[in-house]
Amino acid sequence: MGFLLQLSTFKDSVFRLLDTLSPASQSLLEKQGSTKGRYTRHISDMAGSMNLIVNPTFIWGSDHGWQPICCSMSISDRLPQCGGPPSGHRFYCIAHNRTQVWQGIAQDISSRLKVGMEYKVEACVSISGPVELADVRVTLKLEHAEGQVTYTTLASGPVSKREWTFLNGNMEVSKGPIKALVYLEGPPPGIDILASCFSIALSKPELQCSNKEPNEVNIHGNVLVNPTFDTGVQGWSGICCKVAHSGMHGWKGIYGPRGKPFALAINRTEAWQGMEQDITTLVQSNETYLVTAVIRTAGKPHQGANVLATVRLDYGGSNPRYVSVGRVKASSTEWATLEGRLHLDTHPRKVVFYLEGPPSGVDLLVSTVIIKHANPPECEGSPLKRKRTEANSTRTGISDSIVRNATFSQGLRNWKLRGSRGFVCNCLESPEVLPLEGKSFAVATQRIATWSGIEQTITDRIDLETIYEVAAAVRISGSCLKATVKATLYLREADNSERYITMGTVEANTTEWKLLEGRMILLKAPSYVSVYLEGPPPETDILVDSFYIRPASKPEPPNPPIIKDPKYGVNIIENHDLQHGSKLWFGQGSARLSVASGAPTVVPPAAALSLPCSTSLSGNYLIAANRTQGWEGPAQNITDKLQLFVVYQVSAWVRVGKCRGKTGQKVNVALSVDGSWMTGGEVEVDEYSWKEIMGSFRLEKKPNFAMVYAQGPEPGIELMLAGLQIFAVDRSARIPILKAQADKIRKRDVTIKLKPRNNRHIPPGVCVRIEQTSRSFPLGSCINRWSLNNNSYKQFFLQNFNWAVFENELKWNWIEPQRGTINYEDADEMVNFCSEHRIPMRGHCIFWEDESCCQDWLKTLSPLELKDALQNRAADLLRRYKGKFQHYDVNNEMLHGCFFRDRLNPDILPYVYKLAHQLEPEAVLFVNDYHVEDGVDANSAPEKYVKHIEWLRKEGAPIGAIGLQGHLDTPIGSIICNSLDKMSSVGLPLWMTEIDIAAANEHIRADDLEVVMRETFAHPSVEGIMLWGFWEGAMSRENGHLVDSDKRVNAAGERLINLREEWTTRLHGQMEESGQFSFRGYHGGYKAFVEYGELGEIAVDFEVPKGDSPLVIELSLS
């Protein structure tokens, strides 16, 4: 099925435009093997010239014209549950964090409202939240001179969250107000209001003027030459057509808005012809500009035409790049306003702005063209600006992309098709799907397999040991509405062996462009390299707007954040003890709050460890009753209480009311920050006892709105909250305590006794130097085969770590991706590397209980076949590497997965441990899971983990140690310590198996890493620490690296090195007269150097093993 035939399946989707094709366009695409599809829904012209509403389709973001009423407001282009906006624009507005029915979004129309005029009101809206239907109203608020305030409903109706709804009404104001505010309101608290378009336009515009006129454009700040054509067409030129001026008396009976002159592009024979201006010296890089143009069309009969504002970028080569910065549907009956934006990351040699688009023979009329800086809030880093300029590819700093013809402006030049056919669509001829960035997009159609797609060879353009950023704007077309699109790196070695590396993925759909992002690095030169897009099922077309691969930008290292007066230990929750009832608290949704007594009066243990002088609690608690949704519960606004970069600890007692047999109820303390949700801790509760909830968070950007609330139990179950505390934590306060603990458990007293020849007297002043040469405590990292091609990577690993674990190469899905296709080559090479350097290894992992990490072929097996495959896997792996691996993670993440358990039975879980022990009796067998040590996941709370391990052991599983992964966000020592203490009750050694800490600021990352390292090193039950990588670009978690891709050891890496140095014993001194030298040193290997007279320097190797009694080393000089 051809691409445009598949587009016809969009007919019933929400996101449709009223566009028809010219015969020429149909002919062109028929030659490409395609049939036209159409979007059929009629959309009211909400951006009409007489609209009182500024920025009616939200294309200029939330800072232009709109304001929130006591709630939060944001702009999004993500596909909501109700589908894409029917306006044809990508963007829509969301009013969220609403706590009252009257809260929503508003616009002041005082200066534009005309008394005595009748207006038509139209708003395209939807809702989002836990209800299916809610009333939404358009309300007019008028404030008069005498102080009177009136509220009038202009339009209203029931609105579903599953579709966009048009609210229609009328408005007429008989008396001029001081202020006129129009706003959306109505749904219950907690329900978001979505708005796509908003129009208040004259019902009879001919009463005001003979032609509809757009609002007058403010030219203040404009950078263009002659933007209003007051000096003819100076500064403008035609693109293969003629540019003329209307003069002051109009042109062929057409007059400019408010009678002003305008320019004309006439004698056009191609859609791309129009008028242009060179703006190379008028715009700057790293700046965002707003683009506005007032246009219309004339000439041969037509039903309207798309007019595009385009920027041509010349970088000095023969292949200029085209960026579409705005578009509008124009007609011959009225002036229309085109709006858009432009962002330059780098400055090309030449930048040309031009207007184009109408069919040949149609004249293009232009009244005003403005390019000016965006308002400072968007220009200086608002979320909307970042989203548009970074995620939507309106970026121009990609002249260094190693992918050629990245926007398909030259058709399919440099590209080839893998198992498919392809062509390029031009938006001037095929407006059904509009490009996101330039004027064209490519289509890979008639795909025969999932691997089919569009490909480009980059063998001669890629540099070794350089991290590249990958960005591709993609969508799909066909009967499949959603599918994963992958960007894949294909490598062919000199021996013809092949490797496929996924650089990035995105969930694509049929209604909007999605940005696929990723990174890649090449460490060894293959004979052939290409990149391609693949993934969707066969017969599903892949549409590609752009595909860039460029060297990753390396900003200057950030400075440590400055924190002033963080008020450590002070609870930011007001009326936390409920001495004033429920004052300052409110119930989310329909929840009703009341206060009772009888809760614990002691501070929860994890909080008590962090608070220097914790006081008792009041015993009062909140009850949230009448809950109809899981998210309903007690809440409090904390917007003004939070400081940036401060680490906050969350602590509370929670329980629930009568559960009526519904077990497993979970409660979490959550934070809503400008519409984003984060957890402050989660725990499973019951109706019989209070449970401690603990968590942490940190903000790195000032919020407009922040709220804390408790939620979680099923509707109808009462939620109880007592002693909620959110306080700043001084994490450095525990360092002296941890140093003392580490000294106690990781060191031993040592005495070196010098035994001279013939019992001669030892002269005074004999010098002794002690050097620790190795460490007994395991401090390791995961490594991967690919990165071992990087000599700098290997060097850092060998210098700083003494244990290894393989990131992927030992996993079943790596070794046997297809049934019977087994490849141990990578694992063998890594085993040889570690053996050569005497590095002990952890085996990760034999099985993985998470279904998403199991091969597809496993999911097709019968229970008998699956068990047989499981036994073969264990036998093959453990016999091959018998005696090589000291540890094995037998069945990874059993608290979060159920693949083997569900397909076989629960007995399979202890069985695989018995099987592994039978095959490899010398290895220590581990359980291994995540979110055990941070309090944010009730599924893997320490109590749950302990219970799970005890059941496995009871069923005969020979478990030898416990793995806690350590994928943490904002670690707090007291929470980690609390969890480790609970896990110690099992009586098995604990290992931190996969530590990675992600933070964009490397100094924050360093502090976080130190918290985890110190806390675990100082705990007596912890017998090893493993990091989950260290090198940028060679880690599964972004912003977790210790070494940058340019080999710079960053602040986090320096912190690790400093801790290793601190945990290493080096000292020197002099012998006592008795011939003894005593010290306390970390467990490990040592070398003692003794300067003894005529014998010179004597060197002796010795070991300091674990032990409580002093170790005596005798050094004989005979």
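Student: Let me start with one side chain: is R746 buried or exposed?

Tutor: The cut-off for buried is under 20% relative accessible area. R746 has a relative accessible area of 7%, so R746 is buried. Keep in mind that this is a predicted model.

Student: Where does R746 sit in the fold?

Tutor: R746 belongs to helix 6, which covers residues 735-746.

Student: And what does R746 touch, beyond residues up to four places away in sequence?

Tutor: R746 touches F777, T1016, F1017, H1019, V1022, G1081, Y1082 and H1083.

Student: How far is R746 from E455?

Tutor: Between the C-alpha atoms of R746 and E455 there are 56 Å, and along the chain the two are 291 residues apart.

Student: How many residues of helix 15 are buried?

Tutor: Helix 15 is mostly covered, with 14 of its 16 residues buried.

Student: Which residue caps the N-terminal end of helix 15?

Tutor: For a cap, look for a side-chain oxygen facing a backbone nitrogen. Here N1001 does the capping, with a side-chain oxygen 2.8 Å from the backbone nitrogen of H1003.

Student: Now salt bridges. How many does a search of the whole structure find?

Tutor: The search finds 45. The cut-off to remember is a Lys or Arg side-chain nitrogen within 4 Å of an Asp or Glu carboxyl oxygen.

Student: Which residue meets D1101 in a salt bridge?

Tutor: K1087 does, at 2.7 Å from N to O. D1101 lies in strand 55 (residues 1096-1104) and K1087 in strand 54 (residues 1084-1092), so the bridge ties together parts that are 14 residues apart in sequence. D1101 is exposed, with a relative accessible area of 55%, while K1087, at 25%, counts as partly exposed.

Student: Which residues are linked in a network of salt bridges?

Tutor: Such a network links R769, E771, E1061, R1066 and E1097.

Student: What should I look for in the backbone itself?

Tutor: Check omega for cis peptides and phi for positive values. The peptide bond from H844 to C845 is cis, with omega near -10°, and C845 is in strand 45 (residues 841-848). N97 has a positive phi, near 55°, in a residue other than glycine. N97 lies in the loop between strand 3 (92-96) and strand 4 (105-108), and at 10% relative accessibility N97 counts as buried. L578, also not a glycine, has a positive phi near 60°. Its loop runs between strand 30 (541-551) and strand 31 (586-587), and L578 is buried, with a relative accessible area of 5%.

Student: Which residues does UniProt list for "domain: GH10"?

Tutor: The unreviewed UniProt entry lists residues 772-1059. Over that range the chain is 39% helix and 18% strand, with its end C-alpha atoms 15 Å apart.

Student: Finally, where is pLDDT under 50?

Tutor: Read pLDDT along the chain as well as overall. The mean is 87, and 91% of the residues reach 70 or more. Yet pLDDT stays under 50 over residues 1-49, for which the model has 126 contacts beyond four places in sequence. Residues 206-211 also stay under 50, with five such contacts.

Key
Residues are numbered from 1 along each chain as its sequence is written. This is a predicted model: local features need pLDDT of at least 70, side-chain atom pairs count only at pLDDT 80 or more; totals for chains, interfaces and linings use all residues. Side-chain values use heavy atoms; hydrogens and water are left out. Buried means under 20% relative accessible area, exposed over 50%, partly exposed in between (1.4 Å probe, protein chains only). Helices (H or I, at least four residues) and strands (E, at least two) are DSSP runs, numbered from the N terminus. A polar contact is a pair of N or O atoms within 3.5 Å; within protein, one must be able to donate a hydrogen and the other to accept it, and residues adjacent in sequence count only if both atoms are side-chain atoms. pLDDT is the predictor's confidence in each residue, from 0 to 100. Contact means heavy atoms within 4.5 Å. UniProt positions are given in the numbering used here, feature names are shortened, and annotations may be inferred rather than shown by experiment.
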